[in-house]
Amino acid sequence: MAERDDKDRPSPEALLEQVNREHRGRLKIFLGAAPGVGKTYAMLRTAQFRRREGVDIVAGVVETHGRRETEAFLRGLESIPRQKIEYRGLHFEEMDLDAILRRRPKLVLVDELAHTNVPGSRHPKRHQDVTELLDAGIDVYSTLNIQHLESLNDVIARIAGIQVRETVPDSVLQKADEIEVIDLPPQELMQRLSEGKVYIPDQARRAMQNFFSPGNLTALRELALRYAAERVDEQMLSYMRAHAIPGPWPTRERIMVCIGTDAVAFRLVRTGKRASERRQAPWVVVYVETSHHQTLPDEVKDQISAALRLAEQLGAETAVLSGEDVIHEILTAARQRNVSQIIVGKSHRPAWTRLFRSTVTDALLSRGQTFDVLVITSDETPTTPKSMAAAAARRATAVPWKDYLFALEAAGAALGVAFLGDTVFGFSNLVLIFMAAVLITGIRGGLIPSLVVSLISFLAYTYFFKEPRYTLLIYNSQEIFEFAAFLAAAVVTGHYAAGVRRREQATKQSARRTATLYDFSRKIAGAGVLDDVLWAVVHHVASTIQGRALVLMRKEAGMEIVAGYPPEDQLDTVSAAAANWAWNHGKTAGRGSGTLPGAEWLFLPLRTARGPVGVLGVAMQGPDKLLSPEQTRLLDALAGQAAVAIERTNLVSDYEQQRVLAETERLRAALLSSISHDLRTPLVAITGSVTSLLSYWKTFDDNTRRELLQTIVDEAERLNRFVQNLLDMTRLGSGALQPRLDWAEIQDIIGSALERLKKHISKRPLDLDIEPGLPLLHLDFVLITQVMINILDNACKYSPAGSRITISARSAGRRVMVAVTDDGPGIPENERERVFDMFYRVKTTGQQTMGTGLGLAICRGIVEAHGGTVSASSGPLGRGTVITIGLPITDAPPLPAHLDDPPPDEPHPPAEPHPPAEPHPPAEPQPPAAGDGAAAPALEPTR
Amino acid sequence: MGKLAKKTILVVDDEPQIRKFLRISLGAHHHTVIEAATGGEAVALASQEAPDLIILDLSLPDLDGHEALSRLRECCRAAIIVLTVRTGEADKIEALDRGADDYVTKPFGIGELMTRIEIALQHRAAAGRAPSHEFRTAGLVVDLDSHRVTRDNHDIPLTPREFETLRLLVCHAGKVLTHQQILREIWGPAHINETQYLRVHIGKLRKKLEPEPARPRFIITEPAVGYRFKPADEA
């Protein structure tokens, strides 16, 4: 490529700056966090290396403060004598700038860059001298403490409480070609200080001693390191620009922000964000959850989760670590993530507690030596939100009343026992009784109640039992010791008991979580269909988070609510968008998350290994409530289980659909084979007969012709029956076959069927056994006749010609049972139910199958449409087949009293519309005709 | 029922194959056959030719079958037999209500059709004459004047309403009577939907008349349509 992109071309400014730099002297600054870290020492040592390399070096000004090892490094170095300046009658020594310029060494050492020159010098500030030296093309080594940097002046003032007057503009430092940070851990510096290795001017000694606190030193050290790091990046950028290397150049930096329970967490997160932006470094925000976490007030937990969410929103990776050793967890995570800098908040713990336990900050600084640690302070009070403090206070007063009561009781009881022991038994060591009370209270009620008891006990013991009695005066050191012992016992047991309690609560919490999950899995495992599962999910989730819950699934039109507790049908636009996003990206979206955090609902994707199945939405009760990390984790677990359960039911319903499809497919195949066989067979016979007649009319005798013609008629009828069956079946299948119910006698139906089948059945001996007095049935005459025809037709087909067929009808309870018995081979028991299936034909050996496999299926369809039953069984002697249909008896229709009254030349009472339950008034009473009553008792009108 | 004189029969069907088969069969019985393929054509031919009988297919390309039936009924006095499919019970009833004399269910044998034609022609011919006094068939004698009914010379006692029903049936022997027609005649117009009266009533009548009530030979049920009195000599 001949042309390079503009972006990649070295910028003119960058080149100019570099050219200037090449003519100027080079400035190297040894940057320290505080006095005494060894800047001068480091500078001299480097100078000695350079000298041995043959570089022309002079010492412009070097302050050894009489330290011998520093002075040792000065040997062999040429020193430019300082010039003497008189000011207000005093003599001062300053660096002789002109002498150095005249001498023109390659490199000059100028200690204390921030030094202010005595008035009368050429420049008021030493860094101005340095600039002149650099301009003259002389390289300069100089030293600087970070607190002297102009821009950090106010920060330093805030951290250390010291206003630094000698400052150096940032531009000087920015112009430095090289910065070397002289780093010394605060502890070592403190040690050096105590060993007197740090020079401090006498007049500033008091102030400086305050300055040298570990916190200050840590902060200053961090500032120095950070500054140096920024410089490194700047240099890199400038190098990249000059050499047109496309960025970003990967830095292996990674920032970890550790947040705690205090409100500085938000500030920490924001600081982390700024740091990561500045350095284009990835960052992670961690919170270490100890067993203590469970006992925190909800407000604090909410605050932690809010801070974590803020971090996510700002692009951080977040992690909740769990463990008891906070420092260990942080450092382990930091190493795993290749973290270069750890940002922590300054502890607000009261100073005295540090006697017992170091703060996280201190511990991190001492144990995390490979990491840069940035400590952020907060101007805010330790627990900022007032409501939170108030809530915490409420909690503090509300909960342990019982414990304090117990403390008082314990103290009272101890006092009582002590009185008894003193007066009755004459115990001498009464203090042990009180000690027991302290211990018991400590175990039972924790730290504060046990301290209360120890105080009361001590006072009571001193007042009542210690000579001189009834006075609180303390006479000797033994009593002080006793009091101390009380306190120590109280603190130790109370502290220990509190720890035990915390762990117990943590265990309980964890057990509750497990129980919740177990309960949930049991509930949804029991739910068979999707709706039940969904309901169980939303109900359980809603009650777990004490809010609302719903499940959305993908439908044709997009995401739709399929379940909600309490029921919900509509989502606002933002929430709907969040639900969609959660579905599409398989990530949490909505309220408090990284995506659409303003939504009312929070949506968790329901995913299984096979893909997303839906979205779980939750909404907390209050407007500002967010999920705690605990709840989030529980929800994640619930969502996982719910997804699996939903998928399980989906699979079941998929399977069911497959089964139905397969069944439909089987029927379709059977139908096709049936049509091709049953339609074609009669057509073959008809075509064959007709073509024979046409071709051989003359050669056939009359009998042959008649036989062939009869075949044609029979086959045509068979074809007609088949078509009728197909039509009936189709109408049954499509639900178009609605029985047209009317009153009918079963005997009439049997008669009609026999009439229709007379051609076949007249050759058979037939037994008709119809119970007299059967009630009228409410049914579709045509359809039930068709049923009888099909059954009788089957009976003829599947029994030997000329064998007996029996038809019986009798009432059984609320049904009339009609049975048709043939004398054929019967149906094997295991096939008796299947004969009513469509296209099912009993396999018979050596016998022609003539049926279509539709007849009995139609029977069942029709009878069941009437609310009846149909079944197959074997004949009375184990031979033949009995097909029985049971038809329901409806309440007998009203019969008029005048059924047999004289014919209608007389006027009839108008009876439209006709009330069916009421018999018609008799026009003329007339005795019933003989035989009527006996023949049909069930039909007689009730009077 | 002996051979009838040569009659003019109008066949209305849009299927040429069916018209052809009817033309051949009816011609063999020495009837004159005229054909119409549409309802409009049929109405024109009926008023022009004044046929004795019309065979009308209810599914026509131009007119609704019942509409055609009503128009034919208006323009001529011919007996009308409709052709229907078996599941069309409602069609049959409506056709009979609109003045059809009888119906034949498709597919049908020529023997069945000829019987219906002959009965319909007989009833048309008898319409003008004075009613007969006695009806005899297969051992059953119904004396319409004395209201006396005997089978094989045994008296059969009937209630007045049973006798009226029997009289109605035998007067239309061979012809179908719908439930509504019978109910209207015997119980009056207010009761034409009380089929349960009729079911019970016919049941009782059969028990008295029929040698084998479960397989009646005189009073035949036409499923969902009505009843038909079947004279003994009918095939």
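**Helices α16 and α17, chain A**

I looked up how α16(A) passes α17(A) and found a right-handed crossing. The model is a predicted one. Helix α16 covers residues 401–425 of chain A and helix α17 covers residues 431–445. I noted a packing angle of about 160° and axes 9 Å apart. Angles over 145 degrees count as roughly antiparallel, and α16(A) and α17(A) are therefore roughly antiparallel to each other.

I then listed the residues in this contact. On the α16(A) side they include Phe406(A), Ala407(A), Ala410(A), Ala414(A), Val417(A) and Gly421(A). On the α17(A) side they include Ile433(A), Phe434(A), Ala437(A), Ile440(A) and Arg444(A). By class, I have 13 nonpolar, 3 polar and 2 charged residues for the contact of α16(A) with α17(A).

**Helices α13 and α14, chain A**

Next I took helix α13 (residues 326–336) and helix α14 (residues 360–367) of chain A. Their axes come within 10 Å and cross at roughly 50°. That angle makes α13(A) oblique to α14(A). I recorded the crossing of α13(A) past α14(A) as right-handed. From α13(A) the contact takes Val326(A), Ile327(A), Ile330(A) and Leu331(A). From α14(A) it takes Val360(A), Ala363(A), Leu364(A) and Arg367(A). I wrote down 7 nonpolar residues, no polar ones and 1 charged for the contact of α13(A) with α14(A).

**The five-stranded sheet, chain A**

I read the strand order of an open sheet of 5 strands in chain A as β15-β14-β18-β17-β16, with antiparallel pairing. Which strands stand at the edges? I found β15 (558–565) and β16 (589–590) of chain A there, each with a single partner strand, so one side of each has no neighbour in the sheet.

I followed one pair in detail. Strand β14 (residues 548–555) and strand β18 (residues 611–619) of chain A pair in the antiparallel sense over 5 bridges. Leu550(A) stands opposite Gly617(A) of β18(A).

I also looked for a helix on this sheet. Helix α20 (residues 530–545) of chain A lies across β14, β15 and β18 of chain A. I noted that α20 runs at about 65° to β15(A).

**Ser653, chain A**

I placed Ser653(A) in helix α22 (residues 629–696) of chain A. Is Ser653(A) buried or exposed? I counted it as exposed, because it has 12 C-beta neighbours inside 10 Å. Its C-alpha atom is 8.3 Å from that of Val529(A), although Ser653(A) and Val529(A) are 124 residues apart along the chain.

**Cis peptide bonds**

I found a cis peptide bond from Tyr565(A) to Pro566(A), with omega near -10°. Pro566(A) is in the loop between β15 and α21 (573–585) of chain A. Pro107(B) belongs to the loop between β5 (102–106) and α5 (110–126) of chain B.

**Positive phi angles**

I checked Glu112(A), which is not a glycine but has a positive phi of about 55°. Glu112(A) sits in the loop between β6 (107–110) and α5 (126–135) of chain A. I listed Glu112(A) as buried because 20 other C-beta atoms lie within 10 Å.

Asp152(B), not a glycine either, has a positive phi of about 50°. I located Asp152(B) in the loop between β8 (148–151) and β9 (154–155) of chain B. With 10 C-beta neighbours inside 10 Å, Asp152(B) went into my notes as exposed.

Notes:
Residues are numbered from 1 along each chain as its sequence is written. Chains are lettered from A and ligands numbered from 1 in the order in which they are written. This is a predicted model: local features need pLDDT of at least 70, side-chain atom pairs count only at pLDDT 80 or more; totals for chains, interfaces and linings use all residues. Axes are lines fitted to C-alpha atoms, for helices over the stretch in contact, and angles run from 0 to 180 degrees between N-to-C directions. Helices (H or I, at least four residues) and strands (E, at least two) are DSSP runs, numbered from the N terminus. Angles under 35 degrees count as roughly parallel, over 145 as roughly antiparallel, 65 to 115 as roughly perpendicular and the rest as oblique. A crossing is left-handed if the near helix is turned anticlockwise from the far one by less than a right angle, and right-handed if clockwise. Two residues are in contact if their C-beta atoms, placed from the backbone, lie within 7 Å. Ala, Val, Leu, Ile, Met, Phe, Trp, Tyr, Cys and Pro count as nonpolar, Asp, Glu, Lys and Arg as charged, and the others, Gly among them, as polar. Two strands pair if DSSP finds at least two bridges between them.
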